[in-house]
Amino acid sequence: MRLLRYIGGRLLLLLPVLFGTSVLIFLLLRLIPGDPAQVILGLRATPERLAIVREELGLDLPVHQQYGQWLGKLLQGDLGKDFRSNEAVISLLSVRLPVTIQLTLMSLTMAVLIAVPLGIRAAIKPGGVADRLSMLLGLFGISIPDFWLGIMLILFFALGLRMFPSSGYVRLDHDLLGNLRAFFLPALTLAVGLSAVLVRITRSAVLEVLELDFVKFLRAKGLREQLVIYQHVLRNASIPIVTVIGLQFGYLLGGAVIVEEVFSLPGVGRLIVSYTLERNYPVVQAGMLVVAFLFIVVNLATDVIYALLNPKIRGAGI
């Protein structure tokens, strides 16, 4: 019950954030130069025809009234309709969102599998081979832009070795192996940058715990080194690691735009970029708000896990 109250309190704090995000998204889109009616009708449209389309779309109303109408529909579960095709925005997102989520989850899984074991080995033997590899990965992952790395992976693995497709998307329920092959290079592209951050955090956290007195006591008792490291040290070092993973998961959701463009994946990021160019307000607003909502949910989950792992917070009644 205390944990549920804790989660409820966090949700109440995050609701104003979500509301403020919706206002910011709505206003920033209106500041972008361009007229949706002009985009729909073309450059040769007459002023009379433009006025009719603006009225049909509700663009002739003051900004605060436009926001009020959008928010009212949003609270009823109506995300609006695409200006061009008149298709429900929720239908567009239901197709694109699973692509971005799968890309993010695969990238995060790869990064954790690479960075956490390497960071632990680097902390156990400072100056050793694993430590040097972690430093190399950190420098490489932070320095290399995602779009350049993605192109290099396409040239080497797709066009050179022909191990993976260079672009395209295969649905998971149609072909499992084809889906994983299509996502491998994009996920690896994102995972390298995340691994660079995570491996240094893991190394630092484990090193800090290894210097504590209880670790020396456990070793003096004769416990096996693996038991000391993976059951006691890693558990106490997991708080900063989990925090970074949660934050990076949220950033990956919004930062997969470039990778989706490079590999031609039909994700939410690519949808937002293409529809922003068309000034298609309903699609862009809904897409950005969904990404923001997922970011908030992930950070809430990270906060709860942090509370469960942190003995000080557990002692306070969580």
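Predicted model: local features only at pLDDT ≥ 70, side-chain atom pairs only at ≥ 80, totals over all residues.
Asp35 counts as buried, at 19% relative accessibility, because the cut-off for that class is under 20%. The side chain of Asp35 meets that of Arg54 in a salt bridge, at 2.4 Å from N to O. Asp35 sits in the loop between α1 and α2, whereas Arg54 belongs to helix α3, so the pair ties together parts that are 19 residues apart in sequence. Arg54 itself is partly exposed, with a relative accessible area of 27%.

The structure holds five salt bridges in total. Among them is the pair Glu225 and Arg219, at 2.6 Å. Glu225 is partly exposed at 34%, and Arg219 is partly exposed at 37%. Another joins Arg270 to Glu261, at 3.9 Å. Here Arg270 has a relative accessible area of 26%, and Glu261 has 37%.

I turn now to the packing of helix α8. Helix α5, residues 89-124, and helix α8, residues 176-210, have axes that come within 4 Å and cross at roughly 35°. The crossing is right-handed. By class, this contact comprises 29 nonpolar residues, six polar and one charged.

How does helix α7 lie relative to α8? The axes of α7, residues 146-160, and α8 come within 9 Å and cross at roughly 140°. That angle makes α7 oblique to α8. This crossing is right-handed. On the α7 side, the contact residues include Leu149, Leu153 and Phe157, and on the α8 side they include Leu185, Leu188 and Val192. In this contact, eight residues are nonpolar, two are polar and one is charged.

Conventions: Residues numbered from 1 in each chain as written. Heavy atoms only, no water. Axes fitted to C-alpha atoms, helices over the stretch in contact; angles between N-to-C directions. Helix = DSSP H or I, 4+ residues; strand = E, 2+ residues; numbered from the N terminus. Left-handed = near helix turned anticlockwise from the far one by under 90°. Nonpolar A, V, L, I, M, F, W, Y, C, P; charged D, E, K, R; others polar. Parallel < 35°, antiparallel > 145°, perpendicular 65-115°, else oblique. Contact = heavy atoms within 4.5 Å. Salt bridge = Lys/Arg side-chain N within 4 Å of Asp/Glu carboxyl O. Buried < 20%, exposed > 50% of the residue type's maximum accessible area, 1.4 Å probe, protein only.
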